[in-house]
Amino acid sequence: MRDFSYLRATSADAARQAAALPGAMLLAGGTTLIDLAKCGVAAPDTLVDITHLKGLDKIEVNERGATIGALARMSHVADHAGIKSRFPAVSEALWQAASAQLRNMATIGGNLMQRTRCPYFRDPSNFPACNKREPGSGCSAIGGVTRGHAVLGASDACIAMYPGDLAVALVAFDATVHLGERKLLVDDFFLRPGATPDREHAIEPGEMITAVEIPGSAAARRSTYLKIRDRQSYEFAAASAAVGIEFEADGRTIRDLRVALGGVATKPWRARAVEDALKGKVLEPDAVRAASRLAVEGAVDHGANHYKIELAPRVVARAILKLGETV
Amino acid sequence: MTVHTRHGDASDGALAQAVGGRLSRVDGPAKITGAAKYAVEQQLEGLAYAALVESTIASGKVRVIDTTQAEAAPGVLQVLTPDTIISLRSASDWFGTPPPDKPYCPLARDITFSGQHVAAVVAETFEQAVAAAALVKVSYDETPSIVDLSDAKAGDGIPVDAMTKEWGDAPAAFASAPVRICAAYNTPREYQAPMEPHGLIARWEGDHLTVWEPSQWLDGMARTYAEWFGLPFENVRLVSPYIGGGFGSKALALSHGAIAASAAKMLGRPVKLVMTRPQTFTGYGGRAATRQTVTIGAGHDGVIQSIVHRGVNETSIDGMWVEPLGSVTSIMYATPNFSSKQNVVRVNSVVPGAMRAPGENPSAFGIESAIDELAYQVGIDPLEIRLRNYAEQDPHARKAWSTRQLREAFAAGAERFGWARRTPEPRSMRDGNQLIGWGVAAGTYPVRRAYGEAIVRILADGSVEVESSSIDMGQGTYTILAQTAAETVGVPADDVVVKLGDSRFPRAGVTGGSRLAGVMTGAVHKAATSALDQLIGLAISDPRSPFHTLQANTLVVSNGRIGSPRGDGPEVSIAELLKSVGRDHIEATGDTMPANSTAEDRYKNYTTIAMALPHTEGNYSRHSWCAHFIEVRVDEDFGTVRVSRVVSALDSGRLYNPKLAESQWKGGIIMGIGQALLEEGVMDRRHGRIVNDNLADYLVPTNADIPDIEVISVGIPDLHSSALGGKGVGELAIVGVAPAIANAVFHATGKRVRDLPITLEKLI
């Protein structure tokens, strides 16, 4: 059997150093890592357990925004009163993700590191070709079963979907991820596959996610996460939208709008074209629907995933109109 | 999920503990507390663990299996390949057809599907076995595969003449009918996906083999193991105390069982082999994919003049599975002209198998969708058109129904559902963005009958023990047999211990086709009656009995106490009586076999399905019936379908335990919702390989997908169907759910979806 070392980190710094070594991986909730180890995708030599580290699971919310420790559990964040009132889209994205059991285990930092559900990526024995797993080996998904693959942000090397929900809401509200001292926008933390689909995150060896910070805003306060999926629970998005809106004093003219998409792209997908088209306009259904088409500008389908190009703009439009109703 | 139930119609209003009462599952506490020990949870000394190596191509030949690395891996005890595994004999099929006189090798050299077992590794620990299995290197000479029914290479397939049903002149009557509809309906590969995966522990003691394995048929599987290894039937013992779901998939001994038992024999140690979840999608067959064409010719009044039906199901390259697609088509509606024919098409798949209502389920999707299409064509209410074409007798067998409470089911369901408030036009009912649709469909399942045997013992403490090699996979066998013995002997059900799931017990046929309850309540009733007769006989005749001087012709036993029918004279407990007459127990064996049955008859009855009685035997045609009324909400922008209300009225005859029957019906309805909206084995056409071989990607309903389900029993006792008046329960309720949902989706959206599952991209 494949032996590996298990290391209980004594501090965040020790964890970072240990995880910097080749073959080492951080272990938090384990909901992705253990799953991938079982299907033969992840084969760490060393697991650096950080779940017991103190001080990394705090959730702080105030006027300026929210800071969520990397080890906070998804279910705790989803249920946090401040998150629910100031960032409803974040809470809703978390509640609609995974299952109750997984949400109770999974951490926020681990959630950002969630890997794709591409079935070809997850089955090395039957599908050896996967550029994400083995750079240069090819892409088994292109030409295969693509119903769940990305229509935005893909490359010739990889069309794997980013499967998560939380990061979609984070991207919409300009959240940053804290890698110790270094901070970068969540939007920049997730990388497009390009020619290097094996590299999914802008994180370097020796770095560890310590927190996520979401700036407070009126748009975040009036926000929602709309997730459309084949079944009502425990299922990834066919298409989803995190939307936040701020009106001018007239209650009709859009001052600020945030739109990000899930379930359609290789990373959490900010739809700035939709935002720009509607900012300064009066909220009106036909205009919203027309502008929402811009969400899938440049989309390319692979046959079975074509429906996503139809579906995503409808999800965006519904979410914006729903927020408008609550004026 | 909230579940409302109206009951009492077919139950006897009896005490919970008697037959017909709502006794809770007697095995429930053990399962909830974890005390129930499942087959592969046995802890045996010296247990070794096996892991399978599966083919990664769908068609071709194994060129080389390189086991060098695997053999050198830590803890590895043996690596089995077609060259190293011991040779077995071919076994007979489930009809008892004598096998070909050639060896059987459960590891394949010729590959006919992706996921076929080609090698196995046995090691000291599970982890070592899994790790070493990944080190076995297999190279192949690959040949083109036939992926599925739509593959250009698949062709029209092989006609199955036994499936042909014809009367009148259906094509001519169709050609001259004033109203004609014709459509093709498709169902994909679907999988049983039981919570408990398949697996076993095999242990040899000399030439005796014990197999702990979840099983829907201990005696049938014991026969197969015995034939594989050339053993007398008696030398094989199957043990299966609890089963974590079968749905048809655990009735036969399969190749992984042969591999584990061979490994145990070769190693001289007990071996455990449990399939991984992905292996449960390729290691045995789910429901075959099907394609049906249904043409109906009718008058403007909606009265059917002709039905022409053609069906195709897929089977494997070297196995035969027929999914009888004309089974509902040929009996649901009266028609003077009818033609149904079926082909099977060979594809590179594991041989498909039985899955809840094989045949009837996809058959009903065809005919119950088609008659809905006819209803819109002629402008008649979908419920009314079903009543206009009501079959007053079995149109195929031309025999009277034993009982058919389908009209009552339509009436009760429609009333409860509020069908009269339905507006007929598609897209005419909505709630905001939600289009609302109401659909109806009927279902049916034949009453399959066979024979069973049981032992009933009355023990010294007055308790009663029942033994049978039949099984309980959650449907409630433990409970209803306790109720049967309790009522028959006259003791509380709490004082009855039912022992099942061991092939050393009196024998039983397959738990499949919804037959077990009818068979086993009959056998237990007979054995218990015989035990009671012995008890009363002793009480009357034994000089030491307190009743000896009473000069009674008979006595009654009630609540564990014996007394005279008139209430005069002494009254003692069963324990006291047995003590007074110096007996430590009374034992009776009861079986329902014909009186002149030979030992060979009995063996054949319990180890094959060849002796099952046809449902049209004698003067009657015997079936369960149901009507489903279903409301869906379809989001007009997103195409998502959610079932928001279900009312189903069902005729399973007399219910031995309404609580358990309702539970099974609801389970069938839930499974039908999954079939309609979610379930589909998705194939990579280049590799001939299922890609959603896990429970995250093969979608079954979650609680959030299931609305209020109301079930109504409309059955009446049917003594032509079983000794105590029940008909089949387990498979009935799934039949007709998918077409009721598809019909509701049409009513909601105006779009007719004829390919399951009804996913959102088919509606946006």
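The model is predicted.

## Contact between chains A and B

Chain B puts 28 residues into the contact, and chain A puts in 22 residues. On the side of chain B that touches chain A, helix H3 (residues 126-133) of chain B gives the largest share, three residues.

What is the make-up of the side of chain B that touches chain A, by nonpolar, polar and charged residues? Twelve residues there are nonpolar, seven are polar and nine are charged.

## A helix pair in chain B

Helix H14 (residues 658-677) of chain B and helix H15 (residues 737-749) of chain B have axes that come within 8 Å. The axes cross at roughly 55°. Because of that angle, H14(B) is oblique to H15(B). The crossing of H14(B) past H15(B) is right-handed.

Which residues meet where H14(B) passes H15(B)? From H14(B) come B:Ile669, B:Gly672, B:Ile673, B:Gln675, B:Ala676 and B:Leu677. From H15(B) come B:Val737, B:Ala738, B:Ile741 and B:Ala742. By class, the contact of H14(B) with H15(B) holds eight nonpolar and two polar residues. It has no charged residues. The side of chain B that touches chain A, by contrast, includes nine charged residues.

Conventions
Residues numbered from 1 in each chain as written. Chains lettered and ligands numbered in written order. Predicted model: local features only at pLDDT ≥ 70, side-chain atom pairs only at ≥ 80, totals over all residues. Contact = placed C-beta atoms within 7 Å. Helix = DSSP H or I, 4+ residues; strand = E, 2+ residues; numbered from the N terminus. Nonpolar A, V, L, I, M, F, W, Y, C, P; charged D, E, K, R; others polar. Axes fitted to C-alpha atoms, helices over the stretch in contact; angles between N-to-C directions. Parallel < 35°, antiparallel > 145°, perpendicular 65-115°, else oblique. Left-handed = near helix turned anticlockwise from the far one by under 90°.
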